[in-house]
Each structure stands twice: as structure tokens, then as C-alpha cells.
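Q: I am new to this structure and would like to learn how to read it. Can we go through it feature by feature?

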Amino acid sequence: MSTAELLAGWGRTAPSAATVVAPERPGELEAVMAAAGERGLIGRGLGRSYGDAAQNAGGSVALMTGLDGIVDVDLGSATVTVEAGASLDRLMRVLVPLGLWPAVTPGTRYVTIGGAIASDVHGKGHHLDGTFGSHVRSMEVVTPGKGPMTLTPHATPEEFWATAGGMGLTGLIRRATIEMIRIDTAMISVDSVRTADLEATMALMVERDRHHRYSVAWVDCLARGASLGRSIAEFGDHAARDDLPPRLRTRPLEFRPSDSLRAPPWAPPGLLNRWTVAAFNELWYRKAPPRTKGHLVGAATFFHPLDRVAEWNRMYGRRGFVQYQFVVPDGQEDTVRRVVESLARRRCASFLAVLKRFGEANPAPLSFPRPGWTLALDLPAGIEGLGSLLDGFDEKVAEAGGRVYLAKDSRLRPELLEVMYPGLGRWREVRDRLDPERLMQSDLSRRLGGLA
Amino acid sequence: MRDGLGAVGSVVVLGGSSELGLAIAAELCRDRHATVVLAGRRPDALGAASARLVGAGAGRVETVAFDALDTASHDRVLAEAAAAVGGDVDVVVVAFGLLGASGGPGEDATLVAATNYVGAVSAGLAAARLLRRQGHGAIVALSSVAGERVRKANFVYGSSKAGMDGFFQGLGDWLAGTGVEVLVVRPGFVRTKMTAGMKPAPLATTAERVAAETVRALRAGRGVVWVPPVLRLLFIIFRHLPRPLWRRVPG
């Protein structure tokens, strides 16, 4: 079964048409690959990449969400083997009651395992736990050049790390075995601190990160002057059973997040403007108490606050939005400050930005995280002059030795790709072995010629 | 590939010596050093235009031969243009057109009609076929307010633009959902070599203004843009003027 469909990323900015094939059994992937034409093939999961990573104009797109089986759970080693189209949501609903939690979850549960590997996603625990790829024990990938391969970080490190973070361009991931962490409860114990400015936020994170498994700050990018970069910093840890109040102790591993709200199908183009967003940010900042300690919240509320509103991306209207996420090394804090300053000065309607301090990088040449500071911003695509503003940020970021996140990107200047990802040449060598004919293609790979 | 904020990597201008076409290409190529292909009857005469585009920020400018009246060649010309780009064509600007003997009933009336309408239909369909195969792209069609309500003064030209304007609107509807978009541009009086020597109409504009508004409309995903925008309101009135009155509109 295949149909012609218009596909876009989560930011809904640059849709393109492709032939969508939805395999129903893992064994069909070879046939899907064989049937792809000269405009190639890319895998797609739940479409949560913000830009154009999971679309392939004029070519084929393998919609993987039909392959969502949980193949095996090994409670002894805390590992699970799943098909690549299974979502983290599905995995959590099955495994949390068994006391298992994925070591890395991004800001949404609605990503597939294949997508999480291809983007090498990170979460609030990166400073200690690294990326999603670091917890994959093995994966089976159908490659155009060498057929199905089982990749592990020890036996096939080059192929493994070219696929983790490889944006789907080494083949179709069929299944993966992932090591989980053990939890006693489905609750997170959270300390939060309202900070006065960016310096205070960063100093606090440097001081406290190592004491907590999870850490993140929500930055109000519209606050100016002395309040520039004021934030709510949050530090979390999995709660122990004894931390729970008596009424929750009887069912500590209950995990049934309700995502009942849904954004309206249409929103006026200018709904999220500098005034509405500023009001929201102000409210968010004011409603937070100056300081809390050991506050218990459900894991879904802590990790995936936006999942409560289905299709919230529609709130940005027809023109959509871009997410700009960059990282700069430690010692380049000034770049972060200059970006926040510039946004505040221009009154760009940016919702609370997410600031996080990354830990060690992994060997994947295209993996985004590296030690330092990452800032993620949501910006309406219709902002006048946004293109040149972000091009300017890119220059600063590249100069500081940083990079932007390909899973979020929709507009990077192609020449900067290799500057930001110096391992690109190494990645291309491995890719050329796995896909010598360049069958794997996406709008992202076409737009940023260096990936093609 | 067009990026998330509308910056493009390549532009093909059909009618490579058109001032409006060049101005639009110049505006489009600035952000990402796009490749521009100029398609015209005499590719060797496009040297100055190419130099101007390089000056405006184009990464590379190529030329190919194109004759609007040779409709049988249009698919081939678009294929040659795509080959010259060396990748996907993000935008095709349909910029060619003839005014003829002041747009009136001269000897060249059928030539004007054949170029502006038949040529545009053929080239528009060839562009649509190319972009559909790619699964993405935009067609920018340079229409004119002259086609919105045809005037006595230039009714041959005006009627050809009325036809091509309607064609490209329909083409846009036909292509909805294919990843290919069509933008119809309706400038008023533009000071160019086509109008040199003519008395500028009220609200006369420039090629640069047309280009800026066109690119802005393209990025906003609009189907029609008027330049200057106030013409849209003006023509709501003009469209309903009684004919005896409309006939007397000067120019």
C-alpha cells in the first residue's frame, strides 16, 4: 500500500509530497527499500522532528509506526527489544508498571524508537546519562549497501555511531535493544528555583547539576534589562517509595498520563505574538514559587508537559514555527547571553526557552550534544527578518565552536554544516559503505548538501 | 530545497531578460547564494543580467535557450534548466511577455496573444510537471492588473494577461496538495524598459518593489499578490464601474 501525501515536520514550515509506504511487518523493509526510485527513501516515525528530516520530496517515505511491537523484555538485565516504530509513550505505558524507565526521554513521549536513535535525542538527564544512543545495546538496520546488519557499539562501532544521530541516512532501523533504568515510583521529586537573571541561572545549574539526575531551566526570553534571562530552574530525581504520601504508596508505579486536550484545528496566524507570549511568560514566572523542595510530580508532567495538548503545533497558525536549538562549549556562556539579549531586544515572541547544561559527548559524528550549554527556542516563522536573525546566531554559535541540532533544523546555511559538525567527513565515509548509491535521502539531506 | 523560512537554493527565470523576473531572482538569491538559471531567446545576450545577479548574491548563474512560442520544446528547456541547476528547482518565475504595439490592436496582436497566453500555458504546465516530479517547488507567474479588467487602451495585452492570470490561478488549485505552489503577481504600472516612454500611471511602482512584495508573498504562502497592495482595493471598484465610464478611463 502506498499513497502520495504532503508531509511536513512538527514546525509545519516546508511541506513536500512523497509516496508514503507503511510496512506492516518487519520483514517488509527490504522490499520497501528495493521499490524506492531515484529520489530515494527515508524512514518516518511520528513526525516530531521540527524541520524536514523525515520527509522526502518526490521520493518514498517509509512510515514506520505500524511496526510497534515490543519483542522482548528482560527484567533481569533491564533491557527491552522493540520494533523501531514503537513510541516511547507505548514503551512507558507497558514498562513503567514493571519498574523500568528509559534512561533518556526527550520533551515528548510521542517519538518512535527509530526516530530517537536517528536523531540521537537527549533529555533533562544528559549531564549524567548522555544521549538515547548511549543506551542502545544493539540494533538491526536494513542498509541499502549491505542489507540487514546487527550493529553494536562494541562489534561495529563505526556503523553503530553513524546510525545513531545519522538522521536516518544509513538505512531503515528495524528494531533495537535498549537498556532501561530501574525506578521504584512513577513520580519525580522536584526542587525548583526562581532565578533573577541568566548569570544566576547558569551559576545555579553548574553548582547543582551533579547532585540531580535531571536538570533544566525555563528561560523567559522576553524579560529585559536587569531581569534578562530570568528563569525557573528545575532539578529532579526519581522519587523513592518512601517519598510518596501514603495514598500513593499502594500503586507507586501507576503511569496513565491523560492527554485529553487538543489544540483547535485552526488558529489565527498572529495568535502567538509578542504580547500574548509575554503575558504567558510573565504568568509562568510569577505563578512559580520562589523556591520549592522535594515537590512530587508525575513523571509525565515533569518530562512531557506539552504532551497534554495534542497537536499544540497548530497554535502557530498556517505559517508554522521553527525551533532553534544550539549548543556552545563551556566557557562560551557569553554566546548564550548575547542570543537571549538579542531576542529580548527584538521582542521576538519566543515562548519560554529551554536551557540545559550538557555532559560528555558520545562518538557519533552527527550527534548534537557536546559538553556545554544548549538553548532551545520556539519562534513563529512569520516574524519579519527571522531568517537573517537566526543566520546571525549561527555565525556566533559556529564561532564559539558550537552547533545547531539537525533534528530541529529547517533553515541552516548549508556551508556551516561542516564547520559545526567537524566529524561530517568521517560520517560520510561510513555512510558511503552502508549506502554507496545514496538511496537514503530526505529534504534535510538535499537542503544541506553535506549530508547527501 | 526551500528552507523552513522560505530561503531558496535555486531559481529558474523563463524570460531571462525580463526586468521583473531579474529583480525577483535577485531578491530570492540573496539569502543562500542560490543558483539562478536565466532562460531566454538569446542566451548570449544575458551577460549583463548574469553579472547583475552575481552582484546581488547569486552563487552561480547559468543560461539556457528558451522560446515561448516553441511550445513543443518547453519540457526539454525545463529539463535543461534543472540540469544546469544540478539539483532541485525551487522556484520557476514565468516572466516573459510582450506588450506589442502599446498593447492595442496592432499587427502583432496574435503574437502578443500567442506569447503571453499560449506560451505561458505551455511553459506553466511544463514547470508544473517538473516540480510535481520533485514533490516541491513554486511557480511565480507575472500577471498584470491590465488583466483584471481589460481596458480599451491595451486590450490585446490586457486580455492575454487575463487569460494567463486565470490559467495560473487554476493551475494553483489543480496543484494543491502536491507540494507545488503557484503565486500570481499582479503589478500595476512598473517603470521598466517595457513601459519606457509611456506616461507613468498613478501608483506607478518599481521592479524592486514588485520583487520585495513577491518574495514576501511567496514566504507567506499566498496565492495572489498585488503591487502596490492598494491596487487590490482599487480594482474592487474598477471591476464594477459601468462600461461607458470604464471606456473613458484614460491611458
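**Reading the model**

A: A:Leu451 counts as buried because it has 25 C-beta neighbours inside 10 Å. The term has cut-offs: a residue is buried with 20 or more other C-beta atoms within 10 Å of its own, exposed with 12 or fewer and partly exposed in between, the C-beta atoms being placed from the backbone. This is a predicted model, in which local features need pLDDT of at least 70 and side-chain atom pairs count only at pLDDT 80 or more, while totals for chains, interfaces and linings use all residues. Residues are numbered from 1 along each chain as its sequence is written, and chains are lettered from A and ligands numbered from 1 in the order in which they are written.

Q: Where does A:Leu451 lie, and which residues is A:Leu451 in contact with, leaving aside its neighbours within four places in sequence?

A: Helices (H or I, at least four residues) and strands (E, at least two) are DSSP runs, numbered from the N terminus. A:Leu451 lies in the segment after helix 14 of chain A. Two residues are in contact if their C-beta atoms, placed from the backbone, lie within 7 Å. Leaving aside neighbours within four places in sequence, A:Leu451 is in contact with A:Met167, A:Leu169, A:Leu444 and A:Ser445.

Q: In what order do the four strands of the open sheet in chain A come?

A: Two strands pair if DSSP finds at least two bridges between them. In chain A the order is 1-2-4-3, with mixed pairing. Strand 1 and strand 3 (41–44) of chain A are the edge strands, each pairing on one side only. From one strand to the next, the twist averages 40°.

Q: How many bridges join strand 2 of chain A to strand 1 of chain A, and how many join strand 2 to strand 4 of chain A?

A: Strand 1 (residues 2–7) and strand 2 of chain A run antiparallel and are joined by six bridges; A:Leu7 has A:Ser16 in strand 2 as its bridge partner. Strand 2 and strand 4 (residues 60–63) of chain A run parallel, with three bridges, and A:Thr19 stands opposite A:Ser60 in strand 4. Strand 4 of chain A also pairs with strand 3 of chain A, in the parallel sense over four bridges. There A:Ile42 has A:Val61 as its bridge partner.

Q: Why is strand 2 of chain A described as largely enclosed by the rest of the structure?

A: Five of the six residues of strand 2 (residues 16–21) of chain A are buried, so the strand is largely enclosed.

Q: How are two packed helices described?

A: The description uses the angle between their axes and the distance between the axes. Axes are lines fitted to C-alpha atoms, for helices over the stretch in contact, and angles run from 0 to 180 degrees between N-to-C directions. In chain A, the axes of helix 10 (residues 333–346) and helix 11 (residues 386–399) come within 10 Å and cross at roughly 165°. Helix 10 and helix 11 of chain A are therefore roughly antiparallel to each other (under 35 degrees is roughly parallel, over 145 roughly antiparallel, 65 to 115 roughly perpendicular and the rest oblique).

Q: Which residues of helix 10 of chain A meet helix 11 of chain A?

A: A:Thr335, A:Arg338, A:Val339 and A:Arg346 in helix 10 meet A:Leu389, A:Phe393, A:Lys396 and A:Val397 in helix 11.
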